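Here is a short briefing to read alongside the model.

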Amino acid sequence: MKEAPGYAAIEARFAAYLRDPRAAAPPAGVDPTRAAVYARLVHHNVDTLLAQCFPVLKSVCEDARWQALIRDFLARHRAHTPLFPRLPQELVSFLAAGTRETDPAWFAELADYEWLEMECAQDPRELDELACVDADADLLEDVPILNPLARARAYRHPVHTIAPGRVPDAPSPEPVWLVVYRRRDDRVSFLHLNAVSARLVELLLRNADRRNGRALLRQIADELQHPRPAQLIEAGRGVLADLAARELLLGASRAFVGPE
């Protein structure tokens with residue numbers, strides 16, 4: 001007599017069916033009608049969550065494309081977290097893998113951008129508890145303090161402008177540097193940076209040796225082989241002030257170590 005499958009085998013088969021009911025059958029002895037109810041619930045729950053988390057991505061998709069994405073995600077992706085709220089990040093990873101050849105070139109980048117906004121909004125850290133800022137410090141002569149909730153990216157497409165009826169036909173000629181961050185009033189904002197300000201933000205993100213604003217700007221001038229470094233540094237003073245006004249910089253700290 002053939003031995004009945006164990007619980008683990010039944011569970012695995014049922015999970016395979018819930019993931020992809022078009023390609024797998026429910027376990028033997030399970031009413032297909034009732035099993036289909038569970039399959040629809042799984043699809044609906046994932047669809048609802050991801051639609052809320054990626055409103056722009058969904059809005060630029062025809063319904064058939066969006067539903068195909070949800071089915072494909074459930075059938076092919078293996079999540080690395082058991083936490084349901086982290087499922088949107090799993091969709092970003094799935095799209096970034098580049099296995100869906102029918103998606104537009106900007107599709108995965110838009111998903112990543114929307115996830116950054118959501119991740120920033122959900123970050124439990126409080127700015128006032130993180131920032132050690134001296135009200136009398138100078139952004140150029142002392143150490144600029146970058147908003148610790150900032151997330152920076154360089155995209156090939158202007159994902160911050162995508163909307164229904166407005167999608168890019170081709171990659172931008174230059175990288176699209178964006179930084180997403182949360183302000184003190186808990187609003188999530190973004191900035192579209194140019195090459196110099198993007199490099200400045202990158203250096204601030206990695207400023208473990210706590211160099212002052214002048215030293216960071218001088219490094220950029222050296223990298224660009226700028227013929228008038230002092231002119232770039234003076235212009236950089238205005239850039240630092242603008243970033244502080246927008247709360248991407250929270251201020252400066254007097255204590256620093258590094259070259260002038």
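Trp106 and Phe107 are both buried, where buried means under 20% relative accessible area, exposed over 50% and partly exposed in between (1.4 Å probe, protein chains only). The model is predicted, so local features need pLDDT of at least 70 and side-chain atom pairs count only at pLDDT 80 or more, while totals for chains, interfaces and linings use all residues. Residues are numbered from 1 along each chain as its sequence is written, and side-chain values use heavy atoms, with hydrogens and water left out.

**Aromatic pairs**

- There are 6 aromatic pairs, counted when ring centres of Phe, Tyr and Trp (its six-membered ring) lie within 6.5 Å; planes under 30 degrees apart count as stacked, over 60 as edge-to-face and the rest as tilted.
- Trp106 and Phe107 make a tilted pair, because their ring centres are 5.9 Å apart and their planes stand at 50°.
- Tyr113 and Phe190 have ring centres 6.2 Å apart and planes at 90°, so this pair is edge-to-face.
- That pair links distant parts of the chain, with Tyr113 in helix 6 and Phe190 in strand 4, 77 residues apart; helices (H or I, at least four residues) and strands (E, at least two) are DSSP runs numbered from the N terminus.
- Tyr113 is buried at 5% relative accessibility, whereas Phe190 is partly exposed at 35%.
- One aromatic cluster is formed by Phe14, Tyr17 and Tyr38.

- Three strands form an open sheet in the order 2-3-4 with antiparallel pairing; two strands pair if DSSP finds at least two bridges between them.
- Strand 2 (151-155) and strand 4 (188-193) are at the edges with a single partner strand each, so one side of each has no neighbour in the sheet.
- Strand 3 (residues 176-182) runs antiparallel to strand 4 and is joined to it by 6 bridges.
- In these strands, Val180 stands opposite Phe190 of strand 4.

**Nonpolar cores**

- The largest nonpolar core holds 36 residues, and Leu50, Phe54, Leu57, Trp66, Leu91 and Leu95 have the most contacts inside it; such a core is a set of buried Ala, Val, Leu, Ile, Met, Phe, Trp, Tyr and Cys residues joined through side-chain atoms within 4.5 Å.
- Helix 6 gives the largest share of this core, 8 residues.
- Beyond its neighbours within four places in sequence, Leu91 is in contact with Leu50, Phe54, Leu69 and Phe73, contact meaning heavy atoms within 4.5 Å.
- A second, separate core has 25 residues, among them Ala137, Leu139, Leu248 and Ala252.
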